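The tour below goes from one selection to the next and says what is found at each stop.

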Amino acid sequence: VEGGRGVIKLPEGTVSVSRDLNSIYGLASSLPFCRPGGTSATEADEESSRNEVNFSLLMTLGPKACANGWAGIFDRIGLSTDSSVLAHTLRMEFGSPVLVDETYRVTGCIQPSRVTLGKRASSHFAFEACFEFWPIGAIEPLRPSATVTMTMVSSSEPTLA
Amino acid sequence: MVTSRDDEFEIVLGPIRRESLWTIAALQGDLTPIHWHDRAVSELGVGERPIAQGSMIVELISRAVDQIEPLKRNIASLEVRFRRPVFVDDLLKISCNLPEGHEEWLLTVENENGVTVAEAKVEPSAFPPVS
């Protein structure tokens, strides 16, 4: 166990947010690529809306940078990808915008979650994965550009502690 | 298509495509069978068709946020609670109530049977959108 009781600190990584990936993500769910609270990228306004990164792309880039994707996360906590792991909650907080073509330092950790499960899931286990996206530049910001915390519920016990 | 009445907005999205789940699974490195294998889902006892990734639901909520005029501002935070699985072929309705003066918005995602599958809380940023 690294980083404190029951906390697995993942190796730090960097991601360059690709414009192409942003676009593919939008296409995968029949969406124009979106930005937090911004405007859809139509042909008319592509230039003005090209900058910010799709919300859910952050959910891919965080694990990719730190543990080579969600399969790698499951592996780190002793669960196989055929374990019945279901998403419970997701929270994203934004500081400065996450932009395409920029590189971010990504930190990540996995830890047990204190989320209260319902009666039906009382025999299950909850854990959360948290990733922070820090802009790389001369001035270290006070807070990350984005923080993504995802709580998941599993029928098997993660080997966190 | 977005429909609105007074402070209420509604948008219908979907159906969820199986191919989209494959694409997202490949991009995420998420090889969990419940996102692509019908039998894995039936063995879990929650349904008969593959379950959409959480990121897909976030994507749809992101789209709703993007299409509802009063929400088109920078977002300080987004919180999603996944209530029930969303399956391939599901058609989803996202509704939002925007009472004047409220600084936090709640979005509800329902499937075509009227079951709430997700709820989202959006907190707008105090700052204007970046151009």
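## Salt bridges

Over all chains, a search of the whole structure finds eight salt bridges. The model is a predicted one, with scores of ipTM 0.84 and pTM 0.85. Side chains of opposite charge can pair when their charged atoms come close.

**Stop 1: A:Glu12 and A:Arg105.** Select both residues and show their side chains. How far apart are the closest N and O atoms of A:Glu12 and A:Arg105? The distance is 3.4 Å, and the two residues form a salt bridge. A:Glu12 belongs to strand β1 (residues 8–16) of chain A and A:Arg105 to strand β3 (residues 103–112) of chain A, so the pair ties together parts that are 93 residues apart in sequence. A:Glu12 is exposed, because its relative accessible area is 52% and the cut-off for exposed is over 50%. A:Arg105 has 22% relative accessibility and therefore counts as partly exposed, since buried would require a value under 20%.

**Stop 2: B:Arg39 and B:Glu43.** Move to chain B and select helix α2 (residues 38–44), where both B:Glu43 and B:Arg39 lie. They are four residues apart, about one turn of the helix. Their closest N and O atoms are 3.7 Å apart, and the two residues form a salt bridge. Are B:Glu43 and B:Arg39 buried or exposed? Both are exposed.

**Stop 3: B:Arg83 and B:Glu119.** Stay in chain B and select this pair. The side chains meet in a salt bridge, with 2.9 Å from N to O. This pair links distant parts of the chain, 36 residues apart: B:Arg83 sits in the loop between β3 (75–82) and β4 (92–97) of chain B, and B:Glu119 in strand β6 (residues 116–124) of chain B. B:Arg83 is partly exposed, with a relative accessible area of 38%. B:Glu119 is also partly exposed, with a relative accessible area of 32%.

Now select A:Arg91, A:Glu93 and B:Glu79, which are joined into one network by salt bridges that share partners.

## Chain A as a whole

**Stop 4: the order of elements.** Hide the side chains and show chain A as a cartoon. How many helices and strands does chain A have? There are four helices and five strands. Follow the chain along the sequence and the pattern reads β-α-α-α-α-β-β-β-β.

Chain A has 161 residues, and 53% of them count as buried. The chain exposes about 7,400 Å², with carbon and sulfur atoms supplying 49% of that area. Among contacts in chain A with a separation of 6 or more, 71% are between residues 24 or more positions apart.

**Stop 5: helix α3.** Select residues 57–67 of chain A, which make up helix α3. How many of the eleven residues are buried? Ten are, and the helix is described as mostly covered. The buried residues include A:Leu57, A:Leu58, A:Met59 and A:Leu61. A:Gly62 and A:Pro63 are also among them. Step past the end of the helix to A:Asn68, which follows α3(A) and has a positive phi, near 55°.

**Stop 6: A:Thr149.** Select this residue in strand β5 (residues 146–154) of chain A. A:Thr149 has 18% relative accessibility, so it counts as buried, because the cut-off is under 20%. Which residues is A:Thr149 in contact with, leaving aside its neighbours within four places in sequence? They are A:Thr89, A:Leu90, A:Arg91, A:Glu128, A:Ala129 and A:Cys130.

## Two loops with positive phi

**Stop 7: A:Asp101.** Select A:Asp101 in the loop between β2 (85–94) and β3 of chain A. Its phi is near 70°, a positive value in a residue other than glycine.

**Stop 8: B:Asp89.** Return to chain B and select B:Asp89, in the loop between β3 and β4. Phi of B:Asp89 is near 80°, again positive in a residue other than glycine. At 48% relative accessibility, B:Asp89 counts as partly exposed.

## Confidence in chain B

**Stop 9: colour by pLDDT.** Colour chain B by this score. The average for chain B is 84, and 82% of the residues score at least 70. Which elements of chain B have the lowest and the highest mean pLDDT? The lowest is strand β1 (residues 2–5) of chain B, at 62, and the highest is strand β5 (residues 105–111) of chain B, at 93.

Methods. Residues numbered from 1 in each chain as written. Chains lettered and ligands numbered in written order. Heavy atoms only, no water. Buried < 20%, exposed > 50% of the residue type's maximum accessible area, 1.4 Å probe, protein only. Contact = heavy atoms within 4.5 Å. Areas by Shrake-Rupley, 256 points an atom, 1.4 Å probe, with all protein chains shown as cover. pLDDT = per-residue confidence, 0-100. Salt bridge = Lys/Arg side-chain N within 4 Å of Asp/Glu carboxyl O.
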